[in-house]
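I opened this notebook to keep track of what I looked up.

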Amino acid sequence: MKIKHIILAIFTLSLTFSHAQETDTIADQTVNVIKPYTPTISDAFKIKDHPKLNDSNAVKKKEIKYNIFSIPVASTFTPAKGKAATVDRAKAIKLYDNYASVGFGSYTTILGEVYLNHELSRDENVGGYFSHHSSQGGIDDLVLDDNFSKTKLNAYYKKSDRDFTWQVDGGFNLQTYNWYGVSQDYYLENDLDDLDAGQTYNDFYVGGKIDFEDAIVKDASLRFRRFGDINDSGENRLVAKTSFDFPIQDEIINAELSVDYIGGTFDRNLANTAEINYGNVSLGFAPSYQMTQDDLTLDLGVKLVYLKDTEFSESKFFIYPNIEASYRLVDELLIAFGGLKGDLIQNSYYDFVNENPFVSPSLFITPTDQQYTTFVGVKGKLTNSIGYNLKANYASEKNKALYKSNPASNDPLREYQYGNSFSVAYDDVTTFSVAGELNVDFNRNFTLGLKGEFFAYNTDNQSEAWNLPDLKASLFLDYQISEQWFAGSSLFFVGERKDQRLFVDELNALNNTVTTVSLDSYFDINAHVGYKINDQLSVFGKANNIASQNYERWLNFPVQGIQVLAGATYQFDF
């Protein structure tokens with residue numbers, strides 16, 4: 001059977017081979033490869049083999065069973081209720097809207113003040129202020145009276161609406177002085193026996209102000225003042241101001257618009273030959289733009305002023321810089337600042353009298369052109385309680401007003417022609433100054449302030465910068481000793497000044513003399529102490545010019561020595 005099967009297989013293969021020989025040749029075929037072959041490597045199959053421990057010494061783990069033996073315990077603990085700790089609250093300080101103060105002292109001095117403020121409704125207030133300071137004098141070695149008095153009265157009404165707040169006020173001031181600074185080198189005591197060298201100033205003013213909320217116009221004010229004396233001098237002044245914002249593209253420009261009118265007359269000049277009239281009106285426009293970027297703040301502005309002299313029919317136009325910048329070098333510790341500014345200063349008889357009450361009623365009054373004032377400095381804090389400010393300044397002014405002693409005459413016609421009054425001399429002056437300031441707040445109960453400034457002047461026509469000091473310094477100190485006791489002190493130092501003593505011989509001009517005089521520097525120490533009896537009543541004591549220096553603030557005008565005053569202050573509501 002096996003042989004049969006082998007013979008059959010050979011026969012079948014022979015037929016197949018012979019048929020293949022007779023088949024046609026295979027034609028060309030096109031094979032399209034759909035995806036190239038991408039071989040990958042699979043993870044090897046790891047056989048998990050758990051070795052078996054076949055150790056006859058192996059110890060079989062023993063099963064452990066846990067049982068809890070619970071015994072009930074009766075609890076007798078009762079927690080106490082918690083109580084919040086209390087903080088001692090300081091007694092609220094009662095603040096009063098009104099006060100009255102009165103004091104009496106040496107040189108027959110009387111000091112009185114009353115301040116009143118009453119709330120008519122939630123948005124209406126009315127109030128007033130009255131003060132009086134007088135002394136009967138008594139300076140040693142004077143021939144003429146040296147008494148003085150200053151009385152002020154003011155009243156106001158204020159109303160607040162939703163979009164704006166407005167206020168009107170008015171008042172009256174009365175001041176009396178004496179031209180007591182007569183040099184006895186030129187006159188005998190008999191020549192001054194019947195001389196009444198008294199001068200009285202009076203002024204009346206009325207004005208108003210309005211402040212707007214969220215409006216283009218921010219505020220506006222108007223004030224009129226009438227000032228005069230008993231020598232038929234009179235001055236009128238009207239000042240109107242407004243400030244507003246206006247947009248330019250995407251920026252906001254701040255601007256101020258002002259109108260300042262002044263006009264006055266003196267009954268006669270120093271030579272008693274004619275009256276003196278003066279007057280002008282100035283229009284000012286001052287736009288400015290503030291730019292803030294990181295630690296830099298820059299104010300860029302300019303001030304334009306048009307001046308019309310109403311007496312001489314002359315007009316002038318002024319352009320002043322108004323630039324200021326500050327940069328925080330080290331947060332609040334060190335801030336650098338600088339600027340360049342200028343302005344037209346409107347001089348007035350009222351301003352001159354408030355600075356030097358012994359001027360003669362025969363002045364020539366004209367504005368001062370402050371061409372520019374440039375300054376640089378640094379300020380900041382040394383610690384949280386100590387602040388400082390250092391500054392250097394250089395200014396150029398045309399027609400700067402300088403007080404200069406009037407000449408004495410051997411034939412005076414008026415009570416202020418004994419070399420005992422002052423005129424105003426104008427000159428082009430440049431001023432360089434360096435100033436430093438230190439403020440210390442050790443705590444709420446103790447504060448101290450110290451300031452000093454050095455000056456150097458250069459004049460064009462005058463030989464000196466008359467009556468301008470070369471150094472000024474001041475110190476202020478306030479101390480709340482306890483809840484009842486409080487005290488404070490102040491010290492002022494003024495350096496040397498220059499003035500000129502003149503004598504005019506009406507009969508022989510060859511006898512005329514001119515002498516430049518240096519006024520000694522001086523310091524004035526003042527102190528006060530007080531005791532609070534209750535919330536409303538307190539008593540105080542003051543001492544002025546403690547060093548008792550009879551220094552001359554102005555040529556031939558010594559001041560009172562040590563002055564002691566005591567009084568009381570009462571606060572109240574009504």
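How many bridges join strand S1 to strand S27, and do the two run parallel or antiparallel? I found eight bridges between S1, residues 98-105, and S27, residues 563-572, and the two strands run antiparallel. I note here that the model is a predicted one.

I then looked up one residue pair in this pairing. Tyr99 has Gln571 in S27 as its bridge partner.

Next I turned to strand S24. S24 covers residues 537-544 and is joined to S27 by eight bridges, again with an antiparallel run. Opposite Gly541 I found Ala566 of S27. S27 therefore pairs with S1 and with S24.

I moved on to side chains. The count of salt bridges comes to 13. I looked up three of these pairs in detail.

Entry on Asp123. Its side chain meets that of Lys159 in a salt bridge, with 3.9 Å from N to O. This falls within the 4 Å cut-off. The pair links distant parts of the chain, 36 residues apart. Asp123 sits in the loop between strand S2 (109-121) and strand S3 (124-135), while Lys159 belongs to strand S4, residues 148-160. I checked the accessibility of Asp123 and got 28%, so this residue counts as partly exposed. I also found that Asp123 and Lys159 are in a network of salt bridges that includes Asp161.

Entry on Arg223. The side chain of Arg223 forms a salt bridge with that of Asp169, at 3.1 Å from N to O. Is Asp169 buried or exposed? Asp169 is buried, because its relative accessible area is 13% and the limit for buried is under 20%. Arg223 has a relative accessibility of 31% and therefore counts as partly exposed.

Entry on Lys218. Which residue forms a salt bridge with Lys218? I found Asp245, with the closest N and O atoms 3.8 Å apart. This pair also links distant parts of the chain: Lys218 lies in strand S7 and Asp245 in strand S8 (residues 234-248), 27 residues apart. The relative accessible area of Lys218 is 34%, so I logged Lys218 as partly exposed.

Key. Residues are numbered from 1 along each chain as its sequence is written. This is a predicted model: local features need pLDDT of at least 70, side-chain atom pairs count only at pLDDT 80 or more; totals for chains, interfaces and linings use all residues. Side-chain values use heavy atoms; hydrogens and water are left out. Helices (H or I, at least four residues) and strands (E, at least two) are DSSP runs, numbered from the N terminus. Buried means under 20% relative accessible area, exposed over 50%, partly exposed in between (1.4 Å probe, protein chains only).
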